[in-house]
Amino acid sequence: MNIAVIGLSHKTTPVEVREKLSIPEADLQDAFAQLRAYPSIEEISVLSTCNRLEIYFIAKDMEAGVREVSQFLCDRSGMMLSELRPYLFVLLHQDAVMHLMRVSAGLESLVLGEGQILAQVKTTHKQGQKNKGIGRILNQLFKQAIGAGKRVRTETSIGTGAVSISSAAVELAQLKLAQTDGGCLKDLEVCIVGAGKMSKLLIKHLLSKGADRITLVNRSQRRAEELAGQYPSANIAVRPLTEMLDAVAASNLAFTSTGATQPILTKANLEPIVDADGDLVLVDISVPRNIAADVTGVAGIRCFNVDDLKAVVAQNQESRRQMALEAEALLEEEVANFETWWQSLETVPTISSLRKKIEGIREQELEKALSRLGTEFDDKHQEVIESLTRGIVNKILHDPMVQLRAQQDLEARRVAMHTLRTLFSLEEETAKR
């Protein structure tokens with residue numbers, strides 16, 4: 001297989017490096033254009049989330065392809081390869097296939113078994129198609145990985161009660177807020193900046209922990225109102241982004257989850273408005289970070305980011321490890337199925353040549369027959385005969401083609417292809433492809 005993946009993740013790479021390589025949706029078109037322009041790259045797809053950046057590709061020359069994608073990452077991050085290399089992983093062939101299966105199933109996630117990554121893999125597939133990066137092979141790989149992710153969640157219990165990044169963030173906040181009573185967030189002023197999927201999950205988990213005073217701040221006030229409207233019985237206020245600082249300063253607890261590429265909360269804009277004797281807890285679950293690193297030096301503020309969630313998540317992992325082993329067995333089957341499909345591609349030139357030759361014979365004989373019937377033979381009758389001969393050819397070729405594709409014994413398949421090429425004199429046609 002000439003499949004590879006180069007990437008980095010929360011496992012080995014701190015957030016300050018991950019944010020340099022994050023590719024927001026607005027930049028994807030340019031990223032695909034740059035990657036597709038490399039001479040060794042045949043197919044390409046980009047998976048970018050808060051916890052990982054992974055580039056899957058098919059290369060004519062694997063060594064050159066790895067160099068080219070690595071150069072893209074250097075250009076993107078502004079880092080030298082010598083700086084970036086300690087954080088990168090490179091997986092080739094079957095290892096790359098298994099990795100995408102594991103990612104889709106949630107086995108590589110910070111929160112083992114979390115469900116959001118499956119939706120992100122689906123989005124990656126669609127974006128790859130939209131930006132003309134995905135061809136036949138990556139299309140099949142992503143479709144099978146998505147199916148594998150669904151299968152793991154259906155046939156194992158790994159997704160049952162799985163915590164998400166958002167729920168882990170709420171749990172972290174509970175641990176850090178001394179004034180919570182038995183983990184209840186009742187009577188605390190809570191602010192959420194952002195109104196996307198992560199914010200929706202934040203609201204869900206905050207309400208389950210007793211939060212009853214939530215302020216939602218977002219650039220699009222309509223979107224924030226729509227999100228708040230999904231919880232009609234909850235006390236959720238909506239404020240415009242222009243009032244973000246006031247909303248944060250009035251809170252005991254604030255979460256940020258926006259697509260901003262630069263920090264929106266900094267020491268400069270928070271220090272003048274925050275009570276230095278207070279205890280404001282800020283939890284940033286965005287990558288790139290929404291809260292600047294210098295905020296940790298502001299009196300009255302305690303600041304946490306996605307990397308601080310690991311301790312919370314670790315408490316929930318052990319009970320899921322047995323489920324992960326069950327999932328691994330299913331994924332081995334999916335990888336084997338993909339390998340079978342991959343190997344069946346070897347039959348394509350022979351099948352195409354056989355169909356081309358038989359179709360050529362059909363057209364020649366049909367033309368002879370129609371010429372003998374004369375001009376008085378009308379178009380309607382010609383269409384009937386055309387359809388008849390085409391149907392006969394398709395039915396004759398159907399079984400041999402199905403059997404050839406389905407043959408899993410590699411040597412037996414090659415013998416069958418050699419026999420077909422010999423019997424039908426296909427050597428010349430196949431060689432031309």
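Which side chain does E334 meet in a salt bridge? The partner is R151, with an N to O distance of 3.1 Å. A salt bridge here is a side-chain nitrogen of Lys or Arg within 4 Å of a carboxyl oxygen of Asp or Glu. Because E334 lies in helix α14 (residues 321-344) and R151 in helix α7, the pair ties together parts that are 183 residues apart in sequence. E334 is buried, and R151 is buried too.

Before going further, here is some background. This is a predicted model, in which local features need pLDDT of at least 70 and side-chain atom pairs count only at pLDDT 80 or more, while totals for chains, interfaces and linings use all residues. Residues are numbered from 1 along each chain as its sequence is written, and side-chain values use heavy atoms, leaving out hydrogens and water.

## The chain as a whole

The secondary structure comes to 18 helices and ten strands. These are DSSP runs numbered from the N terminus, with helices being H or I of at least four residues and strands being E of at least two. Taken along the principal axes, the C-alpha atoms fill a box of roughly 100 × 50 × 40 Å. The chain has a radius of gyration of 28 Å, whereas a compact globule of 433 residues would have one near 22 Å. That radius is taken over C-alpha atoms, and the globule rule is 2.2 Å times the number of residues to the power 0.38.

Of the 433 residues, 48% count as buried. Buried means under 20% relative accessible area, exposed means over 50%, and partly exposed lies in between (1.4 Å probe, protein chains only).

## Charged pairs

Side chains of opposite charge can pair when their charged atoms come close. The structure holds 21 salt bridges, and the table shows some of them.

| Pair | Closest N to O distance | Burial |
|---|---|---|
| R52 and E54 | 2.7 Å | both buried |
| E359 and R362 | 2.7 Å | both buried |

E359 and R362 sit three residues apart in helix α15 (residues 348-373), about one turn of the helix. Elsewhere, K11, R102, E108 and E328 are linked in a network of salt bridges.

## Contacts across the sequence

Helix α7 (residues 136-155) is also the place of L141. L141 counts as buried because its relative accessible area is 0%. Its C-alpha atom is 9.3 Å in space from that of V335, although L141 and V335 are 194 residues apart in sequence.

Which residue has its C-alpha atom 4.8 Å from that of V281? It is L253, 28 residues apart from V281 along the chain. V281 belongs to strand β9, and V281 counts as buried because its relative accessibility is 0%.

## Patches on the surface

Now for the outside. Patches are made of residues with over 30% relative accessible area and no salt bridge, with like charges joined within 9 Å and nonpolar side chains (Val, Leu, Ile, Met, Phe, Trp, Tyr) within 5 Å. Accessible areas come from the Shrake-Rupley method with a 1.4 Å probe, and for residues only the protein chains shown count as cover.

K122, K126, K150 and K197 gather in a surface patch of positive charge. Lys and Arg count as positive and Asp and Glu as negative, while His and the chain ends are not counted. The place of a charge is taken as NZ of Lys, CZ of Arg, CG of Asp or CD of Glu. K126 lies in helix α6 (residues 116-130), and K126 counts as exposed because its relative accessibility is 58%.

L388, I392 and I396 make a nonpolar surface patch of about 310 Å². I392 is found in helix α16 (residues 379-406), and I392 is partly exposed, with a relative accessible area of 45%.

Most residues other than glycine have a negative phi, and most peptide bonds are trans. H93 is not a glycine, yet H93 has a positive phi of about 60 degrees. H93 lies in the loop between β4 (89-92) and α5 (94-105), and H93 is partly exposed at 28% relative accessibility.

D187, also not a glycine, has a positive phi of about 75 degrees. The loop between α8 (165-176) and β5 (190-193) holds D187, which is partly exposed with a relative accessible area of 44%.

The peptide bond from V287 to P288 is cis, with omega near 0 degrees. P288 lies in the loop between β9 (280-284) and β10 (301-305).
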